[in-house]
Amino acid sequence: MAETEANGDEESSLVSDFLQFLNASPTAFHAVDEAKRRLREVGYEQISEKEDWNLEAGKRYFFTRNYSTIVAFAVGKKYVAGNGFHIVGAHTDSPCLKLKPVSKVTKGGYLEVGVQTYGGGLWHTWFDRDLMIAGRVIIREEKDGSVSYSHKLLRIEEPILRIPTLAIHLDRNINSDGFKPNTQSHLLPVLATAIKEELNKVAGDNNSKETPTGFGSKHHSVLLQMIASQLGCVPDDICDFELQACDTQPSILAGIKEEFIFSGRLDNLCMSFCSLKALIDTTSSGSNLEDETGVRMVALFDHEEVGSASAQGAGSPVMLDALSRITNSFCTITNVLIEKAIQRSFLVSADMAHALHPNYMEKHEDNHQPKLHGGLVIKHNANQHYATNAVTSFIFKEIALKHNLPTQEFVVRNDMGCGSTIGPILASGVGIRTVDVGAPQLSMHSIREVCAIDDVKHSYEHFKAFFQEFAHLDCKFAVDI
């Protein structure tokens, strides 16, 4: 009984921690900031890609790129150059609506905000939601006659935006023809009415009557004023920004049995959180790395939802750069050793998976129907949309077997298209053995998604076991001999 209660308390703590991570991470920038905070809290040292690296065995490090990608790693005390890297990779971004470079739109007596669709979102779910704005802002700062520039994270928690649907009385056929919004003309959030803005100008300060120029002319002045107020500057100090609309509704524990998590951005903050926590918890004490011969690593990339082709995406050299620089820190003969290290390495590409939907069961192949609470899903695709093969699948399942963890299998129907992940990108670009996995979820790419708390626990435990077990298992398994 006591053991059952202890397990329940541990699961409750894990879920609470996950909800805190979700609610702290409305954007990729905030997700990286929260990951950075957690790493620093347990003693990870920040290093810079712009500087030389002086790494030591038994120590823990992390770096960020663009503040939207973060790579953290712990060097085993028995690590020598040429040994392998044990990596879990995930991504920080999710489909959303990003403000356009010129977001100022005025029509029909309304102030609206021009947005771009980012990724393959279920855009109809963004209608009639209370939306806030978050992201990063480039600020001009002047001190003692010297000018500098910095980026600051922004989160306006008030529901300042909304995309209203058209009343059924003006669209009588919507229930028969379907809701088919035009993303250019129909997906504009309303910020205010023009008349209220004009009345505020009359009653407000004189500065609001001036015609803005430069950056200020591209966006509604009332929005820039709110941003400046939040950041403690004046609107003229704002040089640029990368902002997006976000749902104001917090992530919550839900369901009559409190078995679900209802939240935005589960794809892929769930895998980001589970992998990060697993790394932290398997490297938090010196004894964790005492017998480790490799490097334990988590890499959380930006821009997966749009193909990963950016300086901070999985298609960039960031992964290979990290592996090379770590190897170089422990040797002088680099080329041969990094190639050897890659062949001794293993990547778990962790991205959420499609759970069987009770109302659309025909969308899943009969023999491959992942279920909530069923553990991590191993994804297969003969056409290499996923990087899993028999070897990598076996290794991942063998780790699960040893720790009594459930796993599931997924392959898409032959008459449906298949998505992809960072797995094939890194497998082909770096040459690293890879398995594609993910926790099962419903409503993927909706503004509000669903997963099960059991699968958060299964994922965390599986990633933790991977870091602890892989080196021992891999030395018993030979293929290219």
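Let me begin with a term: two strands are said to pair if DSSP finds at least two bridges between them. With that in hand, consider strand β2, residues 60-65, and strand β3, residues 69-75, which run antiparallel and are joined by six bridges. Within this pair, R60 stands opposite A74 of β3. Please bear in mind throughout that the model is a predicted one.

Both strands belong to an open sheet of nine strands with mixed pairing, in the order β1-β2-β3-β13-β4-β14-β18-β16-β17. Which strands stand at the edges of this sheet? They are β1 (45-46) and β17 (407-410); each has a single partner strand, so one side of each is left without a neighbour in the sheet.

A second open sheet, also of mixed pairing, has five strands, ordered β11-β12-β20-β19-β15. Here the edge strands are β11 (252-254) and β15, each of which pairs on one side only. Further inside that order, β19 and strand β20 (residues 449-452) run antiparallel and are joined by two bridges. L442 has V450 as its bridge partner in β20.

I turn now to strand β6, residues 110-118. It runs antiparallel to strand β5, residues 96-107, and eight bridges join the two. The hairpin they form has two residues between the strands, and G108 takes a positive phi near 60° there. β6 is also joined to strand β9, residues 190-193, by three bridges, again in an antiparallel arrangement. E112 links the two pairings: this residue of β6 is the bridge partner of V105, and it also stands opposite V190 in β9.

In helix α7, residues 318-328, the buried residues are V318, M319, A322, L323, I326 and T327. On which side of the helix do they lie? They cover an arc of only 165° around the axis, which puts them on the same side of α7. In helix α11, residues 453-474, we find E469. Is E469 buried or exposed? The cut-off for a buried residue is under 20% relative accessible area. E469 has a relative accessible area of 13%, and therefore counts as buried. Its side chain makes a polar contact of 3.0 Å with the side chain of K402.

The largest pocket holds about 830 Å³ of space. Its lining comprises 30 residues, and those nearest its centre are A353, H354, S443, M444 and H445. Two elements give two or more residues to that lining, namely β15 (353-354) and β19 (440-442).

How many cavities of 30 Å³ or more does the structure hold? There is one, and the volume of the largest cavity is about 150 Å³. Sixteen residues line this cavity, with P95, W126, G264, R265 and I447 closest to its centre. Strand β10, residues 238-247, gives the most to the lining, with four residues. By class, seven of the lining residues are nonpolar, five are polar and four are charged.

That concludes the presentation, and I am glad to take questions.

Notes
Residues are numbered from 1 along each chain as its sequence is written. This is a predicted model: local features need pLDDT of at least 70, side-chain atom pairs count only at pLDDT 80 or more; totals for chains, interfaces and linings use all residues. Side-chain values use heavy atoms; hydrogens and water are left out. On a 1 Å grid over the protein atoms alone, a cavity is a set of points where a 1.4 Å probe fits but cannot get out, and a pocket is an open set with protein on both sides within 12 Å along at least five of seven lines; lining residues have an atom within 4 Å of a point. Grid points are joined across faces, edges and corners, and a volume is the space filled by probe spheres set on the points. Ala, Val, Leu, Ile, Met, Phe, Trp, Tyr, Cys and Pro count as nonpolar, Asp, Glu, Lys and Arg as charged, and the others, Gly among them, as polar. Buried means under 20% relative accessible area, exposed over 50%, partly exposed in between (1.4 Å probe, protein chains only). The arc is that of the directions from the helix axis to the C-beta atoms. A polar contact is a pair of N or O atoms within 3.5 Å; within protein, one must be able to donate a hydrogen and the other to accept it, and residues adjacent in sequence count only if both atoms are side-chain atoms.
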